[in-house]
Amino acid sequence: MARLGAWRVDLDSMRLRWSPETVEIHEEHPDVAPTFEKALNYYPPEQRPIISRIFADCAESGRSFDEVVQMVTAKGNRLWVRCIGGAVRDDAGAIVAVEGAFQDISHLVAMRDETGALARRLRQTLENISDAFFLLDTQWRFSFLNTQAESLLGRLREELEGRSIWEEFPQAIGSQFEACYQEAVRGGRSVRFQEYYPPLAAWFDVDAYPTPEGLAVYFRDISRRRQAEEEVRISNERFLLVAQATNDVIWDWDLIGDTLWWNENFKTMFGYDPAEVEPGAASWKSRIHPDDAARVIESIHAVIDGTEKTWVSEYRFLHRDGHALSIMDRGSVIRDESGRAVRMVGSMLNVSPQRELEGRLRQAQKLEAMGQLTGGVAHDFNNLLTVIAGSAELLCEALESGQESRHLAEMISTAAQRGADLTSRLLAFGRKQPLQPQLLDLGSLIAGMHTMLVRTLGEHIDVEVDQPEGLWPVEIDPALLESAVLNLAINARDAMSDGGRLTIGMANTTFDTSQAIAADVTPGQYVVLTVSDTGHGIEPELLSKVFEPFFTTKDVGKGSGLGLSMVYGFVKQSGGHLRLRSDVGHGTSVSLYFSRAKGTLGALLQNAARYAPEGGRESILIVEDDDLVRQHVSGLLGGLGYRVLQATSAAPALELLAANPDITLLFTDIVMPGGMNGVDLAKRARDFRPDLKVLFTSGYAENAVETDGRLDPGIDLLSKPYSRDRLAASLRKILQ
């Protein structure tokens, strides 16, 4: 079984004797007994000198041999054989023969060659792998390192092979390297770990496998990857910090997987928990206002499908409670190498406050334009109305009731009064109406209007006034407040044509800073007056227009569109705030907020009872540049018994005052030509006539006798147009 035979060559005859196994190895016939020379022919020519030399050396000196050579059998097969020989001596010690063993080791050589080839392939493989690799024996000595290991460790294999890893790399002792290597050997299982090695300033990803000879270690430098991971971690951390720090809603849309991430501000701003909404773009698309959805979705897909990198859109987004917020949305498109959009990152900014402020600015500009327009015509228009209304009043008194001419005069008077009301409302809307505020109890004033409201609204309207105790005092113009409440009541009546209930309520309230900013008022304490009805309500799309001048929902000829405009202008000019709520089919509620006044209430002023016009004998100087008005007023004052002097401007008026020391009162228009207005005239006159009484009049005199819309202290103003009764009452009040 060992393919081992014997042989012997007698030196005297040089004949070769083989054992049967040797014959079989040579693939010869058993009867063959070749000579030594013939036996050499079984070896290739290059092998024969070797066999001859070692045989001769043994035969001559007795030196034994053991040689591995190739031979060719009788059948032509090439084999590897092991030829062992030694000298045979006779009794005298002479060498008489050479004998030995002969073994076919072809399979052993083949195995050796295969093992060598395998070892070479393994070494080549280990050299060519991307990982660094080394082997440790059972004594923790390096037995092999590939080139990559030399590079990462910064040492040549000649320096490390045969040396202990702990001696060559002492800082690995006590680290995860030692712990994991020991664990792999002790437990007989592979271990994988990552660790930083300071001397090499590198992070390594290590796989350690136990072997019968020790430990096989694969490792790779992951410093760049760790740095990239750290940069990604820092970037993600920074992104999350920014997402948390900003007030914006941050979103991240994976276009390939259709997943949409929201930061926590999605809940803060819109009321939706990011964890509870749909995972994809539906969480965004389904909450866009229906009127904006098609436009917005089309615009974002146009950017995604195109080549642009940014997308910007402003639209309305629905809050969880149903109301819509104006949103400015910006997104950046991230594309792959082919240009395909794979991701979008963006932010949503709530611009509702800005849009509301812009709306208020437009409204303020509209008010300013209306005020300028009204102011431009109010002076001359009110001059004309003063003459028309006054003349009509005199005609009505002069003509008997029932006459056609008396009826015409009354129509003229009514039309003039409507014109005056129209101008007054325009001035109130434009916040140009001079206010004469008084400290008053809002509850008492409104309660005093109850009877008038019942009579005005009719029996089909129930009027309820809720007058709570402890209302704070307010300082407002009572006449204009009554006019505002009456306007609201009339609007409510018109909204309840089939009957209903009008409720007027009052309460104390407070605006903090955020509420005040939203309401465009100063933070502080307010008294709120609310007028509510049970009428048909106002359509939502009309709510933003109801305070515009000349806008009305009533039929043609049934409303001027200035009632709510007047209320709005009066409240704003008084430093207050107005809020309107309406529910179609259920009614409308208008709330007026007025600042709490400083001070305490004294006796409330009651409306003066009407008396017959009272005149006097004093001398009055009329200063009026409009001839018709001057002549009309002179006639009225003369009819009341006063001595009247006239002037068309300030200069002749000063001359008349100097020449007539008996003039008791100066009745002057504020707006006059000549470079000196009525206020300047009064100041100059009082320089030499400190006791002179003054009554101002004007159809429109912005800023001349007022500050922030309120009459300056000590100023008495009779606004045009005025009746004879009002003129007479104003004069007597000042003169007495």
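In this predicted model, the side chains of S352 and N350 are joined by a polar contact of 2.8 Å. S352 belongs to helix α13, which spans residues 352-398, and beyond its neighbours within four places in sequence, S352 is in contact with L325 and S326. The relative accessibility of S352 is 11%, and because buried means under 20%, S352 counts as buried.

W140, although not a glycine, has a positive phi of about 65 degrees, and its place is in the loop that runs between β6 (132-137) and β7 (142-145). With a relative accessible area of 16%, W140 is buried.

D258 likewise calls for attention, for its phi is near 50 degrees, a positive value in a residue other than glycine. D258 lies in the loop between β11 (249-254) and β12 (259-262), and at 38% relative accessibility it counts as partly exposed, since that class falls between the 20% limit for buried and the 50% limit for exposed.

P721 is located in the loop between strand β29 (717-719) and helix α23 (724-735).

Technical notes: Residues are numbered from 1 along each chain as its sequence is written. This is a predicted model: local features need pLDDT of at least 70, side-chain atom pairs count only at pLDDT 80 or more; totals for chains, interfaces and linings use all residues. Side-chain values use heavy atoms; hydrogens and water are left out. Helices (H or I, at least four residues) and strands (E, at least two) are DSSP runs, numbered from the N terminus. Buried means under 20% relative accessible area, exposed over 50%, partly exposed in between (1.4 Å probe, protein chains only). A polar contact is a pair of N or O atoms within 3.5 Å; within protein, one must be able to donate a hydrogen and the other to accept it, and residues adjacent in sequence count only if both atoms are side-chain atoms. Contact means heavy atoms within 4.5 Å.
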